[in-house]
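Please go through the structure shown here one chain at a time.

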Amino acid sequence: MGKKIILIVSLLVPFLGWAQRQKFQINGAARGYYFVNRLEIDPELDSITTRKANYGHTLFDMGVSVFPNESTEVEGIFRIRNELGGFWGGGVAFDVRQLTLRGVAGKVVRYELGDIDLSMTPYTLQNFQEEGVVNEADVFALRRDVVHYDMFYQNDTWRMQGAQTSFGLSFDKFIKGLDVSSFLTRQRPTDGIRQPERLFGGGTLTLIQSDRLQLGLNSVNIFDLQRTIPDSIQYKNNVHTGILKFNQPLNEKIKLGLEAEGGISNARYVNYRDPKAPEKRNEWFYDAAAKLDLPTTGISITGGYKDIGADFLSPGAQTKRINFGRFPGLFQQITNNASGRPASYTDFISGATDNSYRISEQLMPYVAAYTYSNPYGLATPNRRGAYLKAERLDSTGFRKSFLQAALLTESRGTGTLEKKRFLLIETGTDWYVNDHLGWKKDIKLDVGLRYELTRRGGQEFEQINLGSMMVDAGLSLEVVDNLDLMGGLKLWRAKGNALIDLRNRYNTIENFDIVDYDFWENAYAGGVRYRFNPRNALSAQYQVFNIRHLDASETDYGISQFTILFSLAF
Amino acid sequence: MNTRYAFLLSLLLILSCRKDDKDMIDGPDLNDLFGPFTVIQPVTPDRSVVNFAADGPVGFNGELSKNTDWEIKLVGASTGARRSITGFDRVISAENGTWNGGAASFPAFGLEQVYMEVHFPNEPGAPIIRDTLTITGLKNDEGILITGFENGTGPRWSFFNQTTVTGGIVCGNGQAAKGNCYYSWNGTVGWDWAIGSVMVKPDSGTFNLPASASNLYFNMAFKAIQNVGPTNSFMLFWFDEDDDGDGVFEENTEDRYTHEHWSTGTDWDLISLKYADLQFDEDGNPVTVNGNGLPEPAKLVSINVFFLANPGNGNARAYADHLIFTLDQPYTP
């Protein structure tokens, strides 16, 4: 009996069965969000900035799915947004939030056209978590979720416009199956003068040998289309990786595994006349880890080693969510000198920061006090070292606990042969106290701790010694049915110095910014939430934020916020 | 057990692929940006008595604690000639710090003492290193020298001076752009722009210039002293070509190319122009000449250097020196 190919349609089109029964479906979300913001700052330092900024909006996202036939879906989400105070049509905006056509061609190939969400691996394409989150309390997460929803930060995907296809094959001998997917998106149109049209495409090929062994190839490629502007410049960046996943159950209680990803990146600047533009920049990396699963205890331990080359450039995996090069929209300038206010915790949570909506070819600015070890996620270039992850899941009590540690160094010194050394520890737990008390109503304590230490030796002007610690904690208490009291705090302490890389548009380090930190950044929030049902809630909360510098030349200030948030999904 | 060994072997294989960039630095050197500055070895010339013609350029040597901007300033004690050599290297050597004896502009260096100063402009509080050189032989000029007025006038030269103007070669007062002598005009001409001129001719035939005008430059030092300014005085050059080769320039049938250079200040000014550009005016249009219309330096038989000044401004005074043709690039003093 020869090879027999079986099409796996059921894996690809879970929605089709439902579609056979209905031709039309409406879903959506609604939100009312109101802010009262107050700036707290010494009047002698700032006598000009208006202290209060109140605003809000109501919006309705209406999603319409049409199923013209059993293998096709057309989905559109239309947004109506009304700014607070914009009566009778003033301040009302109508947008198309999403338009997607998806289906299955020939009962084999799944396709999506239009607005699509894409994610691959941490080194090729992934939208990694922004700063300021370890194990966030509900009182903060409620508001952060709003930002993520608006920016399409669903898990770790990037929202793009283009097309993607996928299909799977299964075999009855030698290998179990083969999954293939590919995509092509348009990153930006041309301006017809200096900026060529840019596309981003790639795909994965995953060979499933068995339940124990999986091999894969990934490729992501950015490229400018020539002849879309008079000039012939062309930027290209290719990242190709291979992955290996292997697991070996030793017995019912112990399972061993190996996961590895390695590959190359290649950036090219073709026909650039700027002498600073490198002709090409090639690099490679690997990340290999051994995993120990103890299923009966819920414990999982991973230990690994990675080496990400100094010139590894993977825009799809290195783009930051927050652009620290821009000042936040709320109280953008403060003090009598109208100085730009750097983005801080409160802005991350409320969404006042400038957030990325597409991948960036340039390594974006970062704040070393928030993260120095991994400013560009796992794919941060010029990092080498070992890491450890441990996680324990339980059905009661400490339902989810984790510990992560990494000991990294630079693989190439920046500005000196001396290399920075990083120690990063993150730990946290979700503790359901009610499980111990035998209460049905949740009493949940979220605790998270992040500690980072960066050091570099050498002469005085080379030395770096920066420590930062964050406490991320909160309490959710269901006092009566569906009514929660919530509280939370985020405390950040940073002290030390840093030398921040200043890169040009070609990601070449041209200079260093000497920065000294010595501050406390604190946010406290309390609120109440009533859950009408799992997808419909009304909450009110009050948050106090302040930043206090021990250096008198820096500006201390605070922002208090009262918010009312109504959210509904159907 | 075999599975476990394979597992460990795979891990070791991957780890053995470690990269090693231990001798590389990303970005500019921090020592250069923020390190302390000291002079490890003072910057000095490789010889203090210099004969450029015989021994070639002077090299400078020194060592600093970091890469930083440095500038070696050289000033002629008698001529006031100036030259600056700059760099951004921690080690200064003949590779990045040499002087061929030339000046940045006119006046050129003579047989004289030269004061040397080394500055570090981006290092506050850095010392200024001083030294002295003595020039005993000038650098060899590359080019075809027409005259530096050092040997008097030629037998076929002709002169014009208004009756109130003193015009002629002056030597020995230390005012020359290069060497010891220069040509001077001095006088008040209240009725006319024309002050005076000198027509330089070879002793016989042509100046023996190359045939191609496209890479040939005419150069001359010019210094306006009185009646100065871009609307007040200028040099007018005539380049006369013997198109038919009969040994005589005929104004009505042969090419006379002209060029004006207006004065800008009272320092020595280097006039340099490509010979091929004489066939165009300042707007790029072809000029009208009476011969074959081709700039042909090999047929050049005379150069007239004519000083003109605004008659309404009183006394006019100017010097000219060092008429020289160079190939491929303008003259460097």
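**Contacts, cores and domains**

Setting aside neighbours within four places in sequence, Ala320(B) is in contact with Tyr182(B), Tyr183(B), Met220(B), Ala221(B), Phe222(B) and Val305(B). Contact here means that the C-beta atoms of two residues, placed from the backbone, lie within 7 Å. The model is predicted, with local features needing pLDDT of at least 70 and side-chain atom pairs counting only at pLDDT 80 or more, while totals for chains, interfaces and linings use all residues. Residues are numbered from 1 along each chain as its sequence is written, and chains are lettered from A and ligands numbered from 1 in the order in which they are written.

Ala320(B) also belongs to the largest nonpolar core, which has 65 residues; Ala320(B), Tyr182(B), Ile195(B) and Phe307(B) touch the most other members. A nonpolar core is a set of buried Ala, Val, Leu, Ile, Met, Phe, Trp, Tyr and Cys residues joined through C-beta atoms within 7 Å. A residue is buried if 20 or more other C-beta atoms lie within 10 Å of its own, exposed if 12 or fewer, and partly exposed in between, with C-beta atoms placed from the backbone. Strand β20 (residues 300–309) of chain B contributes the most to this core, with 8 residues. At least three residues of the core come from each of domain 1 (35–137) and domain 2 (144–327) of chain B. A second, separate core has 42 residues, among them Leu330(A), Tyr366(A), Tyr370(A) and Phe422(A).

The bounds of the two domains of chain B, 35–137 and 144–327, come from an automatic or database domain assignment. Across the boundary, 5 residues of domain 1 of chain B are in contact with 6 residues of domain 2 of chain B.

For chain B, the radius of gyration is 29 Å, whereas a compact globule of 333 residues would have one near 20 Å. The radius is taken over C-alpha atoms, and the globule rule is 2.2 Å times the number of residues to the power 0.38. Along the principal axes, the C-alpha atoms of chain B fill a box of roughly 110 × 50 × 40 Å. Of its 333 residues, 33% count as buried.

Chain B has 3 helices and 21 strands. Helices (H or I, at least four residues) and strands (E, at least two) are DSSP runs, numbered from the N terminus. Five of the strands make an open sheet in the order β3-β10-β9-β5-β6 (chain B), with mixed pairing. Its edge strands, β3 (49–51) and β6 (82–88) of chain B, each pair on one side only. Two strands pair if DSSP finds at least two bridges between them. β3(B) and strand β10 (residues 129–137) of chain B pair in the parallel sense over 3 bridges. Val49(B) has Thr134(B) in β10(B) as its bridge partner.

Chain A has 6 helices and 26 strands. Its radius of gyration is 25 Å, close to the 25 Å that the globule rule gives for 570 residues, so chain A is as compact as a globular protein of that length. The C-alpha atoms of chain A fill a box of roughly 85 × 60 × 60 Å along the principal axes, and 32% of its 570 residues are buried.

Asn69(A) lies in strand β3 (residues 52–69) of chain A. Is Asn69(A) buried or exposed? Asn69(A) is exposed, because 11 other C-beta atoms lie within 10 Å.
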